[in-house]
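Subject: Handover of a structural model

Dear colleague,

Please find below the structure that I am handing over to you. I would be grateful if you would read the notes after it with the model open.

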Amino acid sequence: MAADDDSGERRDERDPSDPDGAERDETPTERADRNWNELLQELRVTQTGLQILTGFLLTVPFQQRFPELDPALRLVFLLALGMAVISTVIVVAPVASHRILFRRSAKPELVSSANRLTKAGLATLALTIVAVVVLVFGFVSGTTAAVVAGVVALAFFVVQWVVVPARLLGRLERRYGQ
């Protein structure tokens with residue numbers, strides 16, 4: 001059953017794409033605004049950590065011991081720096097899109113695009129951190145330690161950022177029969 005709010009916009013009691021939508025009694029516009037605000041909060045957390053990591057990486061070549069890096073570790077450093085830049089661009093992209101689409105009644109499209117960009121940004125951030133782990137372990141403890149630490153870090157990201165949420169999603173889908 002749907003009802004009109006004061007603006008004439010229909011309130012949906014059940015939106016299959018948003019299991020808690022019925023409990024919130026919100027219009028599609030209100031839902032888009034809520035989703036946008038939630039995404040912005042997530043991006044703020046991500047951007048802060050990413051900026052600190054990128055800043056750290058930008059200082060590395062200016063350290064006295066940088067010339068001691070093995071050529072393979074220099075390549076890992078460049079990979080980590082490149083991935084940090086890519087991550088920054090992807091994570092900040094929703095803000096740039098919002099500026100371009102501001103007051104164009106495109107919030108649902110913006111939320112959808114920002115959702116995809118946030119996922120891509122998190123993936124590139126994970127790869128950046130794995131590369132940094134390889135770099136540091138390689139410099140401090142050698143190649144074997146670097147490879148082991150990189151694999152462990154990557155596995156930890158996959159479990160925490162993919163496997164655990166996928167299991168939760170599976171439970172939700174069984175609960176709501178989707």
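The notes below cover the helices, the nonpolar cores and the aromatic pairs.

The model is predicted, so local features need pLDDT of at least 70 and side-chain atom pairs count only at pLDDT 80 or more, whereas totals for chains, interfaces and linings use all residues. Residues are numbered from 1 along each chain as its sequence is written, and side-chain values use heavy atoms, with hydrogens and water left out.

Helix 3

Helices are DSSP runs (H or I, at least four residues), numbered from the N terminus. Helix 3 covers residues 71-101, and its 31 residues reach 45 Å from the first C-alpha to the last, close to the 45 Å expected. The expected span is 1.5 Å times one less than the number of residues. At A93 helix 3 bends by about 40 degrees, and the proline P94 follows within four residues; the bend is the angle between axes fitted to the seven residues ending at a residue and the seven starting there.

At the N-terminal end, D70 caps helix 3, with a side-chain oxygen 2.9 Å from the backbone nitrogen of A72. Just after helix 3, R103 has a positive phi of about 60 degrees.

The buried residues of helix 3 include L73, F77, M83, S87, I90 and P94. Buried means under 20% relative accessible area, exposed over 50%, and partly exposed in between (1.4 Å probe, protein chains only). Helix 2 (28-59) and helix 4 (107-141) are among the elements covering these buried residues.

Helix 4 and its surroundings

The 35 residues of helix 4 should span 51 Å at 1.5 Å a residue, and its end C-alpha atoms are 49 Å apart, which agrees. G142, with a positive phi near 105 degrees, follows helix 4. T124 lies in helix 4 and is buried, at 13% relative accessible area. Leaving aside residues up to four places away in sequence, T124 touches M83, I86, S87 and I90, a contact being heavy atoms within 4.5 Å.

In helix 2, E38 is partly exposed at 37%. The C-alpha atoms of E38 and V111 are 9.9 Å apart, although 73 residues separate them along the chain.

Nonpolar cores

A nonpolar core is a set of buried Ala, Val, Leu, Ile, Met, Phe, Trp, Tyr and Cys residues joined through side-chain atoms within 4.5 Å. The largest has 20 residues, and L57, F77 and L135 have the most contacts inside it. Helix 2, helix 3 and helix 4 each give two or more residues to this core, and the largest share, 7 residues, comes from helix 3. Another core lies apart from it, with 6 residues, among them W36, L39, V111 and A114.

Aromatic pairs

Rings of Phe, Tyr and Trp (its six-membered ring) pair if their centres lie within 6.5 Å; planes under 30 degrees apart count as stacked, over 60 as edge-to-face and the rest as tilted. By this rule there are 2 aromatic pairs. The rings of F66 and F77 have centres 5.4 Å apart and planes at 75 degrees, so they are edge-to-face. F66 is in the loop between helix 2 and helix 3, while F77 is in helix 3, 11 residues apart. F66 is buried at 15% relative accessibility, as is F77 at 3%.

The rings of F157 and W161 are also edge-to-face, with centres 4.7 Å apart and planes at 75 degrees. These two residues are 4 apart in helix 5 (residues 143-176), so about one helical turn separates them. F157 is buried at 14%, whereas W161 is partly exposed at 39%.

Yours sincerely

Definitions and conventions
A polar contact is a pair of N or O atoms within 3.5 Å; within protein, one must be able to donate a hydrogen and the other to accept it, and residues adjacent in sequence count only if both atoms are side-chain atoms.
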